[in-house]
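User: I would like to go through this structure with you, one topic at a time. Could we begin once it is on the screen?

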Amino acid sequence: MNLKDLNINKTWTLFLDRDGVINRLRENDYVKNWNEFEFIPGVKESIAGLSKIFGRIVVVTNQQGIGKGLYTAQDLNQIHSKMISAIEDAGGKIDRIYFAPALEIENSPLRKPNTGMAELAVSDFPDIQLNKSIIVGDSVTDMIFGKRAGMKTVFVGNKNVNENEMKMIEYRVLDLFDFWTTLISQ
């Protein structure tokens, strides 16, 4: 089955990871302020196009840099406010952003691969059906999150994954632009 066979329409919800999907991943670092945030080429127009396909678009992002004291939730909210404005200026929309500030070792229910952020989204938007949702992410953690929540999983990028990790990935695309163009191609 390919992505087009899912018959996605406005009853579907798109969950997006942030770092590595929307903005460039900073290897061994965090986006701590807007000056360090860099959109991946094609992302803003992709989200604009995806906004016409999906009924809702939600960002779910682990942000343990807050737990490490490298930046604050207020810093993160400023980054997200500017990110949303830039996406809206390009004709797209983000309905809500959920983030998990806890350290990985804390095993917070909000932190992916746990499903807390998906549960919050369903609580905030009761029309979300997780079986009619897709997570697009660049890590196996995102794929496990999606599987545990009952979503379809789309892996972005060309990272090597082992055979066991491949079981979590239903679809692979190069980037968000590739995902969007695959959905709209004839």
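User: Which side chains meet in a salt bridge at 2.9 Å, N to O, with Asp 29 as one partner?
Analyst: The model is a predicted one. In it, the side chain of Asp 29 forms a salt bridge with that of Lys 32, at 2.9 Å from N to O.

User: Is Asp 29 buried, partly exposed or exposed?
Analyst: Asp 29 is partly exposed, because its relative accessible area is 29%, and buried would require under 20%.

User: Which residues are linked with Asp 29 in a network of salt bridges?
Analyst: The network links Arg 26, Asp 29, Lys 32 and Glu 36. Within it, the side chains of Glu 36 and Arg 26 meet at 3.6 Å, N to O. Both Glu 36 and Arg 26 lie in the loop between β1 (13–16) and α1 (43–51), so this pair ties together parts that are ten residues apart in sequence.

User: How many salt bridges does the count come to?
Analyst: The count is 14 salt bridges. One of these joins the side chains of Arg 96 and Asp 124, at 2.9 Å from N to O. That pair links distant parts of the chain, with Arg 96 in strand β3 (residues 96–100) and Asp 124 in helix α4, 28 residues apart. Arg 96 is partly exposed, with a relative accessible area of 34%, and Asp 124 is also partly exposed, at 36% relative accessibility.

User: Changing topic: what is the volume of the largest pocket?
Analyst: The volume of the largest pocket is about 700 Å³. Its lining consists of 26 residues, and Asp 19, Leu 25, Asn 62, Arg 111 and Ser 139 lie nearest the centre. The elements that contribute two or more residues to this lining are β2 and α5.

User: How does the lining of the largest pocket divide by class?
Analyst: The lining has eleven charged, ten polar and five nonpolar residues.

User: What about the second largest pocket, which residues line it?
Analyst: The second largest pocket holds about 170 Å³ of space. Its lining comprises Gly 20, Ile 40, Asp 138, Val 156, Gly 157, Asn 158, Lys 159, Leu 174 and Asp 175. By class, these divide into three nonpolar, three polar and three charged residues.

User: Back to α5, then. Which of its residues are buried?
Analyst: In helix α5 (residues 140–149), the buried residues are Val 140, Asp 142, Met 143, Phe 145, Gly 146 and Ala 149. They pack against β2 (56–62), α4 (116–124), β4 (133–137), β5 (152–156) and α6 (163–166).

User: What follows α5?
Analyst: Gly 150 follows α5, and its phi is positive, near 90°.

User: Which residues other than glycine have a positive phi?
Analyst: Most residues other than glycine have a negative phi. Among those with a positive value are Asn 7, with phi near 55°, and Asn 28, with phi of about 55°. Asn 7 lies in the segment before β1 and counts as exposed, at 57% relative accessibility. Asn 28 lies in the loop between β1 and α1 and likewise counts as exposed, at 82%.

User: One last point: where is there a cis peptide bond?
Analyst: A cis peptide bond joins Lys 112 and Pro 113, with omega about 20°. Pro 113 is in the loop between β3 and α4.

Notes. Residues numbered from 1 in each chain as written. Predicted model: local features only at pLDDT ≥ 70, side-chain atom pairs only at ≥ 80, totals over all residues. Heavy atoms only, no water. Buried < 20%, exposed > 50% of the residue type's maximum accessible area, 1.4 Å probe, protein only. Helix = DSSP H or I, 4+ residues; strand = E, 2+ residues; numbered from the N terminus. Contact = heavy atoms within 4.5 Å. 1 Å grid on protein atoms, 1.4 Å probe; cavity = no way out; pocket = protein on both sides within 12 Å on 5 of 7 lines; lining within 4 Å. Points joined across faces, edges and corners; volume = space filled by probe spheres on them. Nonpolar A, V, L, I, M, F, W, Y, C, P; charged D, E, K, R; others polar. Salt bridge = Lys/Arg side-chain N within 4 Å of Asp/Glu carboxyl O.
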